[in-house]
Amino acid sequence: MNRDKMRYLIPLLALAFGVFGASIEDCPGYTASNVKDAGGTLTADLTLSGDACNIYGTDLPDLKLLVEYQTEKRLHVKIYDAGLDVYQVQEHVLPRPTSQNVSSSKAALQFSLVEDPFSFSISRSSSGEVLFNTTGSQLVFESQYVYLKTQLPSDPNIYGLGEHSDSFRLPTDNYSRVFWNSESPFIPRKSNLYGTHPNYLDHRGEAGSHGVFLLNSNGMQINIGDQFLEYNAIGGILDFYFLAGPSPADVSRQYAEVVGLPAMMPYWTFGFHQCKYGYWDVNMVAEVVANYSAANIPLETIWSDIDYMDYRQVFTTDPERFPLHKMRELVDTLHQRDQHYIMMLDPGIHRDGNYSTFTRGEEKSVFLKADDGSDYRGVQWAGEVVWPDWIAPNTQDWWTDEILRFFDPATGIDIDGAWNDMNEASNFCPNITCDPALVAELSNNPPEPSNPPRNNTGRPIPGFPQDFQPDSSTVTRKFRSKRAAGGQMKGLPDRDLFTPKYHIDNHQGELSDYTLYTNITNADGTYQYDTHNLYGLTMATATRNSLLARRPGKRPFVLTRSTFAGAGTRAAHWFGDNQSQWSDYRASIAQLLGFAAVHATPMVGSDVCGFNGAAQEKMCARWALLGAFMPFYRNHAVDAAPPQEFYQWDLVAQAAHKAIDARYRLLDYVYTAMYAASASGEPIVNPLFFVYPADANTFAIDMQFFYGDALLVSPVVEDDAESVTYYLPDDVFYDFWTLQAVRGQGKAVTADNVTWTDMPVHIRGGTVLPLRTASASTTTALRRNNFQVVVAPGLEGKAEGVLYLDDGESLDVGDKYSRILFTWDGSMFKSDGIFGYATDVVVESVLVLGGAQPTTQTGPWSLNEPFEFTLSR
């Protein structure tokens, strides 16, 4: 063997020996020097303490430490490479919070540093309790591996680290959370799913709660074991935000301040939504709408999945099954009925020179590129596709132009919102050896439509134009045949971007399996290896911006499947492709709590009755009730599933009537909670321990929740059960349906004979609940109904609540809003606050609960000014 070959072989042998012979414990860690403490900030240099271990990459010899006391309740700790080459999440993707530069002496949290070997801890100023402590383990910071370990108390209460379908209170015995956004049919347990939210809330009972957020978008695995939590990232930096709480809801608010306050949603989006993959022509869509009307079940919004597209190409319609003129008639009819319409937009763009969306994108260089500079190709519903680079400078303009063209109210389809699916991104190519054209052909994407075109269903569709009726035309149609630099935080060079040595347990396999290849370079010089988990967030951002350009001044509505921290600032989220089974019905509650209470994403919900598989009647009835008490309420199913619209079964229709009646009467209550979330990060849904933080019995409960902060929802959760055992804290409650007082004893209560159209719901004592006097067929009609205010006195005989009113759609309402505070002191009721929204709607009556029977004071009272009255009981 010659000398040149030996020169390359020796390092390879040494590296192999290091990988198989070394462990994290053998790594030298770092030594801190040049420590400068300015009172509100601290900086230091971190230098590798010994010989590099290079266990999963190359150890970086020089790091920087930055500590900022940003607010009295927020501490920022950042460890990054001195050369600024390691990838950091771009500011325009996730803007950072500004620092108020408070003095450490005024801060609720304190940072403590050990210089050699370097470690740090975070503790409470008030009690000295240690909340985060890396002592006893070495920091590892390599080119493709970053490791940090903190201590946990015994049997900790840890929540968050989404997206997952596991219990809300996370297991702490050999449990792992993987962060790699992925197509995840059937929402598998103990797996990475569609989103990445590397923040957790640690609740310690009477000692309080705190939060920890690691801002890092790289693939990651967080392991939780016997009194420890460890971060294992395959890139990026350690960019921590520590949140002091001390209440659980405080942590939620403080986290929202970091990632951004949630977007305020339009009023109408809290109505009931219906969708199904498999509504194969415009006539079927219209008939579903009419069937809901015939069943007297309010339907606010009908959705279209990929069925509407011409060979599954976005920004097209099938000219025979969804002809443009009938689509325009459909939407006009919906709008005349005060209903809404939403359509899907997938990211995969068909690679076809005759497809104008593709050619316009090519002209503007908006697609991700392969190593040779050509468009990176993969497979999605339309067949062989390319993917937009949402970071490229021209992509936003191109996407906005496509949306303005296709959804032009004057010439196109006047949608009310957009739905981003498949944006993890999902790629039908199984691995990096894929031939996209061959895979598209073998998987029959796009397929020929399976149903011949028709002019109508052959049945009358009440309320829709003549084109939808049986006698509209006798013309028959035939199937068509198919058409023929360094220091810029962009990422270190010389990395293995396909198979890093540290392997995260991605349920799809390798990093690039069934997604975009991780060696792809984005337009700004970053790599998909580092930005993969941001793809869905950046697509949702572009879609939101485009909808704003289409309707300036109006709140856009975007639903996204894939998310990252901060997604709530831009979009709503549903929990993905679940299954029509009881276990997924139950899992939706923990998922709701995670997103709404911990991850600052309030507008969330599941596919009601399940997406995959055949829904059972009794399960669907239960789910119709449960879904009505989640912020986003949509029935959706796959094409292979039997129809599961609520009117398909008499029992489910009865449950839906009751559920939607209650939801719509409560709609302003949850809309007020949405406003609080958007204004301050207040959780729209509360776990029980958020309301009763000292009650240890509540810490593990994830089959009950507070809808807002006043309504305790306790669904029947066991398979085919007609009884439920739920927890009532030591407080006074009132049955929402009967208004009878119930004294909780801090014990479990069993309700038997819970019918399939019933679900236990209780009003928490001490709250005031604004209700519409009656439900309505649409949210537009609902807004014309007056209010009844329900007072639920607490143990001390007092109560308070809030009602927020605005026009329901303006992006910036200015001073044209009302925030009305209702208070009850045991004898006097007062309504006071801000009255900037003029309305003819009044409070018809105030109902005070408790005593032998409720007491009613009859109005009316205007909601344009304060009022008060005294009531003797």
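**Entry 1**

Buried means under 20% relative accessible area, exposed means over 50%, and partly exposed lies in between (1.4 Å probe, protein chains only). Helices (H or I, at least four residues) and strands (E, at least two) are DSSP runs, numbered from the N terminus.

I noted my ground rules here. Residues are numbered from 1 along each chain as its sequence is written, and side-chain values use heavy atoms, with hydrogens and water left out. The model is predicted, so local features need pLDDT of at least 70 and side-chain atom pairs count only at pLDDT 80 or more, while totals for chains, interfaces and linings use all residues.

Next I checked what strand 2 pairs with. Two strands pair if DSSP finds at least two bridges between them. Strand 1 (residues 30-37) runs antiparallel to strand 2, and six bridges join them. T31 stands opposite T47 of strand 2. The two strands form a hairpin with three residues between them. In that turn, G39 has a positive phi of about 95°.

Strand 3 (residues 62-69) also runs antiparallel to strand 2, joined by seven bridges. I looked up D45 and found K64 as its bridge partner in strand 3.

I then traced an open sheet of three strands, with the order 20-22-21 and antiparallel pairing. Strand 20 (349-350) and strand 21 (377-380) stand at the edges. Each has a single partner strand, so one side of each is left without a neighbour in the sheet. Strand 20 pairs with strand 22 (residues 383-386) over two bridges, in the antiparallel sense. H350 stands opposite V385 in strand 22.

**Entry 1: the cores**

Which residues touch the most other members of the largest nonpolar core? I found Y341, F557, F629, F646, F705 and L711, in a core of 187 residues. Helix 10 (residues 582-598) gives this core its largest share, 10 residues. A second, separate core has 50 residues, including L42, Y69, L170 and A233. A nonpolar core is a set of buried Ala, Val, Leu, Ile, Met, Phe, Trp, Tyr and Cys residues joined through side-chain atoms within 4.5 Å.

I listed the contacts of F557, leaving out residues up to four places away in sequence. Among them are M265, W268, W303, D416, M603 and F632. Contact means heavy atoms within 4.5 Å.

**Entry 2: I297**

Is I297 buried or exposed? I297 has a relative accessible area of 3%, so this residue is buried. I297 lies in the loop between helix 3 (282-294) and strand 18 (301-304). Beyond four places in sequence, I297 touches Y292, F646, Y647, A653, A656, H657 and I660. I also checked L139, 158 residues away from I297 along the chain. Their C-alpha atoms are separated by 58 Å.

**Entry 3: aromatic rings**

I searched the whole structure for aromatic pairs and got 64. One of them, F822 with F829, is stacked, at 5.7 Å centre to centre and 25° between the planes. Rings of Phe, Tyr and Trp (its six-membered ring) pair if their centres lie within 6.5 Å; planes under 30 degrees apart count as stacked, over 60 as edge-to-face and the rest as tilted. F822 counts as buried because its relative accessibility is 0%. F829 is buried too, at 0% relative accessibility.

One aromatic cluster includes Y308, F315, W390, W398, W399 and Y535.

Two rings carry a charge over the face. R634 lies over W419, at 4.6 Å from the ring centre. The charged end of K658 sits over the ring of W737, 4.3 Å from its centre. The test is NZ of Lys or CZ of Arg within 6 Å of the ring centre and within 35 degrees of the ring normal.

I found a cis peptide bond joining E424 and A425, with omega about 5°. A425 is in the loop between strand 23 (417-420) and helix 7 (436-442). The bond from G859 to P860 is cis as well, with omega near 10°. P860 belongs to strand 44 (residues 855-862).

R312 is not a glycine, yet its phi is positive, near 65°. R312 counts as buried, at 17% relative accessibility. D338 also has a positive phi near 65°. D338 counts as partly exposed because its relative accessibility is 28%.
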